[in-house]
Amino acid sequence: MRQTEVLVIEDNAADRFWLEYVLKMLGLDCSLSSVADGEHAVDFLLKRGSYSTAPTPDLIFLDVRMPDMDGLEATRRIKEERSRTAVIMVTMHDNPAYLREAVRAGAAGYLLKDVSKDDLIDAIRQVATGGAFIESQMLKGMLSEMKPGSATPSAARNLTKREREILALVAEGLSNREIADKLVLSPETVKSHVAAILEKLNVSDRTQAAIYAVRNGLVESSTAT
C-alpha cells in the first residue's frame with residue numbers, strides 16, 4: 001500500500017511547522033508537502049495532477065484565513081478539480097458561519113488549532129477512509145442554526161424507524177460507538193445502519209447526512225443543541 005500523500009496549507013510558519021511536526025510524530029505512513037497560501041496550493045495541486053507523475057494529495061490540511069486566496073475558496077477550487085482529495089480545515093475560528101461555509105465548500109473535517117492529539121488522529125483516520133470529522137460541539141452549533149424544511153423528501157421515506165433514530169443521533173454529533181452504547185447495539189450494527197443511511201440519502205458522509213436531516217425536517221433543529 002502506498003503512502004498517504006498529505007499537503008499542509010498554512011500561511012503562519014509556526015503553525016505550519018507544528019502541524020507537520022505532529023503528523024510526523026504520530027508515526028503515520030504519509031508523505032508531507034507544504035505551501036504557504038491557498039493560491040499557491042491550488043496551483044501546486046493542479047500542476048501535480050496535470051504535469052507531474054507525483055501522486056495527487058489524498059489529504060489536505062488548510063487554514064480558513066489566508067492571504068491571496070482564503071481556505072474556503074481554496075477548498076472550493078480544490079474539490080472542483082480533485083473531488084476525491086479530502087480536505088480538513090484547521091483554524092482558530094469556532095464561528096459556525098465558517099463551519100457552514102467549509103462544509104458547503106466540500107471540507108470533510110473542521111478542527112480548531114488547539115485540537116487534542118486524539119481528535120487529530122481520529123480526524124485523519126475518519127477522513128482518510130471516506131468519512132468526516134467535525135468536533136461535536138461545533139457541529140451542534142451549526143445544526144442548531146439551520147431551519148428545518150417542511151416536507152420530507154422522497155429519498156428519506158425509505159429510511160426505517162431505526163435508521164431515523166440513528167440519523168437523529170448522528171445529527172447530535174455522536175460517534176458510532178456512542179450511538180451503539182446509547183441504543184444497546186454493536187458498533188458493527190450501527191456502522192451498517194449508517195452506511196445504509198448514507199446510501200439512501202445519497203450523501204457522502206455523516207456530516208452531510210446530519211445537515212440533510214436538519215434541512216429536510218427529519219430531525220428537529222433543537223436536537224443539535
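Predicted model: local features only at pLDDT ≥ 70, side-chain atom pairs only at ≥ 80, totals over all residues.

Colleague: Which residues of α9 are buried?

Modeller: V190, V194, I197, L198 and L201. They sit on the same side of α9, because they cover an arc of only 95° around the axis. In general, an α-helix has 3.6 residues a turn, so residues three or four places apart point the same way.

Colleague: And what is exposed on the other side of α9?

Modeller: E188 and E199 are exposed there. As for what covers the buried residues, that includes α7 (161-171), α8 and α10.

Colleague: Why is N202 called exposed?

Modeller: Exposed means over 50% relative accessible area. N202 comes out at 70%, so it counts as exposed.

Colleague: Where is V184, and what is its phi?

Modeller: V184 lies in the loop between α8 and α9. Its phi is near 55°, again a positive value in a residue other than glycine. The relative accessible area of V184 is 72%, so V184 is exposed too.

Colleague: Let's move to α4. How do you know that its buried residues are on the same side?

Modeller: The buried residues of helix α4 (residues 96-105) are L99, A102, V103 and A105. They cover an arc of only 160° around the axis, and therefore lie on the same side of α4. After α4 comes G106, with a positive phi near 115°.

Colleague: Why is G71 called buried?

Modeller: Buried means under 20% relative accessible area. G71 has 0%, so it counts as buried. Its place is in helix α3 (residues 71-81). Leaving out residues up to four places away in sequence, G71 touches L62, D63, V64, M66 and M89.

Colleague: How far is G71 from A107, in sequence and in space?

Modeller: They are 36 residues apart in sequence and 10.0 Å apart in space, C-alpha to C-alpha.

Colleague: Now the largest pocket. How much space lies in it, and which residues are closest to its centre?

Modeller: About 810 Å³ of space lies in the largest pocket. Its lining has 31 residues, and Q126, A132, S175, N176 and R206 are the closest to the centre. Elements that give two or more residues to that lining include α5 (117-128), β6 (133-134) and α6 (136-144).

Colleague: Which element gives the largest share of the lining?

Modeller: α9, with five residues.

Colleague: What makes up the lining of the largest pocket by class?

Modeller: There are 10 nonpolar, 10 polar and 11 charged residues.

Colleague: And the chain as a whole?

Modeller: The secondary structure comes to 10 helices and six strands. Of the 225 residues, 45% count as buried. Among contacts between residues at least 6 apart in sequence, 68% join residues at least 24 apart.

Definitions and conventions:
Residues numbered from 1 in each chain as written. Heavy atoms only, no water. 1 Å grid on protein atoms, 1.4 Å probe; cavity = no way out; pocket = protein on both sides within 12 Å on 5 of 7 lines; lining within 4 Å. Points joined across faces, edges and corners; volume = space filled by probe spheres on them. Helix = DSSP H or I, 4+ residues; strand = E, 2+ residues; numbered from the N terminus. Nonpolar A, V, L, I, M, F, W, Y, C, P; charged D, E, K, R; others polar. Buried < 20%, exposed > 50% of the residue type's maximum accessible area, 1.4 Å probe, protein only. Arc of directions from axis to C-beta. Contact = heavy atoms within 4.5 Å.
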